[in-house]
Amino acid sequence: MWKICSITLALVLFVPIASAQTPPAPKQHYLFQNVQIVGGGFIPGIVMHPAQAGLMYARTDIGGAYRWDVATSTWIPLVDWVDKNDWNYTGIESIGLDPNDPTRVYLACGTYIESFAGNGAIFRSTDQGKTFKITPMPFKIGGNDDGRFAGERLAVDPAHGNRLFFGSRTAGLWTSSDYGATWSQVSGIPVSASTNSIGLVFVTFDNTGGPDGSAPETIYVGASNASVGLYASSDGGATWQPVNGQPTGLLPNHGVIDAQGNLYLTYGDQPGPNNMTSGAVWKFNTWTATWTNVTPVQPTSRIPLGYGSVALDAMNPGTLMVATMDRWSIGDDIYRSTDGGTTWTGTKVQSVRNDSPSPWITFGAAASSFGWWIGNISIDPFNPNHVLYTTGATIWGTNNAASGGTINWAPVAQGLEETAVQDMISPPAGPHLISGVGDIGGFRHDDLTVSPPAGMFTNPVFTTTSSLEYAELNPSIVVRAGSANGTDRRAAISHDAGATWTPLVNEPASSQGSGTIALSADGSTIIWTTQNNGLVSTTTDQGATWIASAGISPGTRVIADRVNPSKFYAFDTSRARVVMSSDGGHSFVQRTTKPLAAGSPLLRAVPGIEGDLWLVTSNSLYHSTDGGVTLTRINTLDEIDSFGFGKSATAGGYPAIYMIGTVGGSKRIYRSDDVAATWTQINDAKHQYSTSGVIIGDPRIYGRVYIGNNGRGVIYGDVVPLRFPVSERRVRAAAGGVMKNNGVNP
């Protein structure tokens, strides 16, 4: 979503390459940076510190947490050090700040509460997230589950900085009295198990002391329950009571209190962020125990809507902003009130939007929308004109929200990269990277350091690009397949390396679209394995006519030989063998004689060598030099998740192989320059990228690697030659002098 600035140094001791069987594997100096898309995913929450100007944190549902860096105006990622074994920790459900100690920050980490994910954890830091200690929790945390924009669930007692509370989804309320090191369940609150898998949604402290300042501190906890959604405790959390007179029939999601004791709450009929059709905004005056409905716009059957975030102006009690949620028919809005919710003004009609930091944000239209899934609004406690709000795609910010006139918004997501990468290609000519991503289609990057000026792929616009391929002998020809809206074609071809696109003329009969796509070495033949029905079909006229491929099982992904335009290969999982076509994909024949374990296969062909194939299946790597007839297992690694090829270390040599996998017991990112005989680790403890899934090299730049992540976008790494004593300035100069903030934690 916005232009970026910063750099990351991955500096580790270099040791001579040794046997990959001997841990630890050799390492190499690498510089890692983000390929700039800028934003691209749901940012459920932003928390601004009330005591230090400019200090704020953002949480994402799958891509970790970030801290804003005032000096560079970028977001700095905080959990890139989490490794693949703990991938579940990269969904951040809540952020807790000590209002009296700006050095302390707490993260509630866990992506899913479903059975396939492990329990969550509380991360705690005393240096603003530069380092963390971890406390595993005995329950799951759902940073990417329904209701994830609610909050904040994690809160620090403003009167006792050592004491924290966390409202869980499935196990009630928990508290810590030692700065988050240990936790225990609060027994006094009558919510100790799941309430519709959402549980407790916010914890808010009221230490205003009432009108005369003598009232004890009160803790309010919101529960996703339509009958009793608000509880209060005035004895430090020992006992709890439902708040009298509270509204029923809707689910609360946010609750914040001002200096005059007014607790503002937003409600929806569903947890959100989807499917809300009704909602409300209520004000509870804690000093008089009175409730007032202050809903800006009532939902109707014609225009259904709910309410999401609410934010208060700390400098002007009675001034607040609230956001609609799921008002799809006419678009969401943010309403502003200066009289405690008695009257409201919609801000959308006052808004002027600058899309230039993130050209893709228009989604191929003439201009960007106001946004959807407005899960958070944050008003700067030191400057009421400075406001941020988050959407399902980015963060928008303004510096004149309280001016009374035009409000100028622009993306403020520099450094925050939350795309879910589905596929990547790096052609031998033209752009260095073409990527397919979830939710926002895909991109051609001629310059990795800026969000592409042309925006996302169009004609058609895909919601998600699932598969990409280029023609090895004619790399200006590129094809893509994915998900599209309405009647748009779900595959397209480009003759200028992804700059412009043309939808395929037709889709195969009974096609379900998306799936995987292959392109012959000369670009003349397309083979498309469509999703759901798994049809494998071939066309030589850009989709005008399709022929069903014979001899191959439905759902099988096909790849092209990188030299011979007539040859295609696949690992047919139903046969557990490699199959090959030598007639342009019309028919396939079995090549491998002995079956292999058929788990999660990935087959790639080597550029420049006909019939040279590499296969991953069931976390094992195999190599074939005869088109799949014989497959030799590679024993220099323990297991492998993904791999790809890049430029050789020597002129005319065998391509470098990059892989995500385990060598000598260490699950890391590696490169081999000797046909997988040995492996060099290229990442380090600070750069684990736990959700990495797609990896390829650059065929034109030795050492360049592209790492596609589920929630952290595309990371690219370059070898940094160290021929002199290490210094940051010299390392940057050796890497090409790029002084950008790439969003990677230094």
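Select Glu93 and Arg169 to begin: their side chains meet in a salt bridge, with N and O 2.4 Å apart. This pair links distant parts of the chain, as Glu93 sits in strand β7 (residues 92–97) and Arg169 in the loop between β12 (164–167) and β13 (173–176), 76 residues apart. The model in the viewer is predicted.

Are these two residues buried or exposed? Glu93 counts as buried because its relative accessibility is 0%. Arg169 is buried too, with a relative accessible area of 1%.

Next select Glu217 and Arg163, whose side chains form a salt bridge of 3.5 Å, N to O. Glu217 is in the loop between β15 (200–206) and β16 (218–223), and Arg163 is in the loop between β11 (154–156) and β12, so the pair ties together parts that are 54 residues apart in sequence. Both Glu217 and Arg163 are buried.

Move on to Asp423 and Arg557, another salt bridge, where the closest N and O atoms are 3.5 Å apart. Asp423 belongs to strand β32, while Arg557 is in the loop between β42 (547–548) and β43 (558–560), so parts 134 residues apart in sequence are tied together. Asp423 is buried, at 6% relative accessible area.

The whole structure has 19 salt bridges.

For the nonpolar residues, select Ile334, Trp360, Ile377, Tyr389, Met424, Leu433 and Tyr706. These have the most contacts inside the largest nonpolar core, which has 32 residues. Strands that each supply at least two residues of this core include β24 (320–325), β32 (421–425) and β57 (714–719). Apart from it lies another core, of 18 residues; select Val616, Leu621, Met659 and Trp679, which are among them.

How many cavities of 30 Å³ or more does the structure hold? There are five. The largest cavity has a volume of about 60 Å³. To find the largest cavity, select some of its lining residues, including Ile62, Asp80, Tyr689 and Arg712. Its lining divides into three nonpolar, six polar and two charged residues.

The second largest cavity has a volume of about 50 Å³. Its lining includes Phe363, Phe370, Trp372 and Trp396. By class, this lining has five nonpolar, five polar and no charged residues.

How values were computed: Residues are numbered from 1 along each chain as its sequence is written. This is a predicted model: local features need pLDDT of at least 70, side-chain atom pairs count only at pLDDT 80 or more; totals for chains, interfaces and linings use all residues. Side-chain values use heavy atoms; hydrogens and water are left out. On a 1 Å grid over the protein atoms alone, a cavity is a set of points where a 1.4 Å probe fits but cannot get out, and a pocket is an open set with protein on both sides within 12 Å along at least five of seven lines; lining residues have an atom within 4 Å of a point. Grid points are joined across faces, edges and corners, and a volume is the space filled by probe spheres set on the points. Ala, Val, Leu, Ile, Met, Phe, Trp, Tyr, Cys and Pro count as nonpolar, Asp, Glu, Lys and Arg as charged, and the others, Gly among them, as polar. A nonpolar core is a set of buried Ala, Val, Leu, Ile, Met, Phe, Trp, Tyr and Cys residues joined through side-chain atoms within 4.5 Å. Buried means under 20% relative accessible area, exposed over 50%, partly exposed in between (1.4 Å probe, protein chains only). Helices (H or I, at least four residues) and strands (E, at least two) are DSSP runs, numbered from the N terminus. A salt bridge is a side-chain nitrogen of Lys or Arg within 4 Å of a carboxyl oxygen of Asp or Glu.
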